[in-house]
Amino acid sequence: MSNIAGKAYAMNVITPVRPYLVWVNKVIFWAALKLPSTLKGLITLSLIHYARWVIIGKNQFPHLAPEQPKEDLSYCYMLFFSNFNGSWDQYVDSFTFAIPSGLDMFWKWNIRYPKSVALTPFHKYIQYNQIETLHYYNGYPLATSNDVKSASAVRDALIAFDQTADQGTDAEFIKRYHTLLRGLQHDLGDMYPTPIVSMAAYQVEKRTRWHASQLSALTADRVQQS
Amino acid sequence: MTNISGNAYALTILSPIRTGVVKGEEIEYADKVRDLLESWNLLPNSPMTQVPQTYLCRFFVLDDVYTESLPGASVMDTFADVLPVVPDGVRRRILPKEDRLKSRYLVFSSNFYGGPQGDVDGYLRGMWNAIGEHIKDLWGYCYGFDQVRDAATFVSYMKKCQLPVTLFFVGANDEPLPAQLKALYLKQEFARFAVANQGLEAAVLRANYQAFIARVAPTNLSGPTWEPGQYRL
């Protein structure tokens with residue numbers, strides 16, 4: 001199980017929807033897509049890298065071979081995948097506190113959805129319907145979503161600044177340099193590994209430590225024997 | 001197309017895993033897939049580091065669907081408490097039904113740079129060329145994969161397993177991965193430069209800056225930069 005890769009957490013949730021209500025759900029998603037202002041709440045949750053919703057019709061599960069048994073389902077299913085920074089609780093709670101009505105709009109047609117307020121039934125609902133990730137890969141495990149966005153700003157400002165770096169006196173250069181730093185003060189900052197960057201990194205380090213301890217024990221034995 | 005948002009592409013794959021037990025191993029196909037994915041966690045880094053343009057991706061096995069249901073609490077149930085004559089079957093019909101999947105599915109969900117046209121074919125070809133052996137190991141336990149022989153047949157197989165995304169939200173950015181990694185490298189290096197060069201004479205700062213720019217080469221994406229999946233500085 002590996003829900004964590006670096007600073008990102010992978011959430012998978014699957015929830016049933018009554019087939020005769022799927023079109024309502026799809027219309028709401030379509031409206032959200034056509035009117036980006038409806039996603040303003042989501043944008044304020046700057047801890048999200050990428051998120052998606054996939055509605056699978058009850059007859060839409062892939063069927064690839066005659067010998068594969070055909071699904072016989074009563075409901076359609078909504079899959080939700082999210083990549084976010086921070087802990088499970090922080091994420092779920094930030095949804096509840098920042099965009100409760102938006103959340104209810106997307107999920108209210110799902111069976112037994114308890115609404116995002118109060119917190120405890122909502123937590124229980126997500127926990128019940130969540131599936132653990134087996135392998136999670138992150139292209140930039142050291143960075144948060146905000147780091148990725150601010151890195152673009154730093155790069156663009158630095159390249160623009162560098163165009164004029166050779167111009168003028170040293171005094172003019174330092175003035176422009178300070179202006180650059182002031183402009184980037186919200187974007188600069190060191191990135192460091194979190195305690196468990198990924199299950200792979202964690203396992204490799206655990207193994208390395210184990211080997212090192214075995215080696216030192218062996219050396220100590222040999223010294224004692226000699 | 002809702003799989004695309006700007007230049008980012010949301011790929012959702014559900015591949016049905018064969019039912020039954022792996023010959024000679026006494027382990028179900030789905031559990032074999034699970035073991036393989038778990039073993040990727042023990043490698044020095046994920047095989048997906050080699051697949052170009054992958055921002056974030058995940059694999060898991062969908063064993064079954066879930067229906068949360070309380071034992072009653074419907075309107076008819078209340079009546080049933082008062083009127084025991086209401087048959088039990090009526091009460092049960094009102095409660096949510098319990099679905100069961102007949103196959104288990106390998107789920108692969110990837111967020112990658114696909115360009116404005118969403119070049120999913122190019123991405124899948126790149127994936128096949130980079131980690132073809134891992135793909136054969138993993139998907140080899142799925143229905144229909146026996147038709148896959150090369151990159152082209154892999155692309156057409158994956159498209160049969162693909163599900164359209166209803167809504168895709170991009171909260172980070174949708175630049176090509178090498179551009180993102182270079183930007184992250186520059187952010188890290190420039191933050192350190194700014195801290196290390198405080199309070200210097202203008203001429204010294206300028207000379208240091210020029211040496212810094214020569215070292216980090218801001219417009220050169222090939223290097224120096226961060227590697228995909230790099231977890232140590």
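Contact, as the word is used here, means heavy atoms within 4.5 Å of each other. This is a predicted model, in which local features need pLDDT of at least 70 and side-chain atom pairs count only at pLDDT 80 or more, while totals for chains, interfaces and linings use all residues. Residues are numbered from 1 along each chain as its sequence is written, chains are lettered from A in the order in which they are written, and side-chain values use heavy atoms, with hydrogens and water left out.

With that sense of contact, Val154(A) touches Leu184(A), Asp187(A) and Leu188(A) as well as Leu186(B), Lys187(B) and Phe190(B), residues up to four places away in sequence not being counted. Val154(A) belongs to helix H6 (residues 145-163) of chain A, where helices (H or I, at least four residues) and strands (E, at least two) are DSSP runs numbered from the N terminus. The relative accessible area of Val154(A) is 0%, so the residue is buried, a word that stands for under 20% relative accessible area, with exposed over 50% and partly exposed in between (1.4 Å probe, protein chains only).

Chain A is divided by its domain assignment into domain 1 (4-129) and domain 2 (145-183), the bounds coming from an automatic or database assignment. The C-alpha centres of these two domains of chain A are 41 Å apart.

The interface itself takes 105 residues from chain A and 99 residues from chain B. About 9000 Å² is buried between the two chains, with carbon and sulfur atoms giving 63% of that area; buried area is the accessible area (1.4 Å probe) that two parts lose on being put together, summed over both. The rule finds 4 salt bridges across the interface of chain B and chain A, a salt bridge being a side-chain nitrogen of Lys or Arg within 4 Å of a carboxyl oxygen of Asp or Glu. The side chains of Asp190(A) and Arg192(B) meet in a salt bridge at 3.6 Å, N to O. On the side of chain B that touches chain A, the largest share, 14 residues, comes from H6(B).

Helix H1 (residues 29-40) of chain B has 12 residues and reaches 17 Å from its first C-alpha to its last, close to the 16 Å expected, the expected span being 1.5 Å times one less than the number of residues. Its buried residues include Tyr29(B), Leu36(B), Leu37(B) and Trp40(B). What covers the buried residues of H1(B) includes strand E5 (135-138) of chain A, together with elements of chain B, among them strand E3 (54-62) and helix H4 (120-139).
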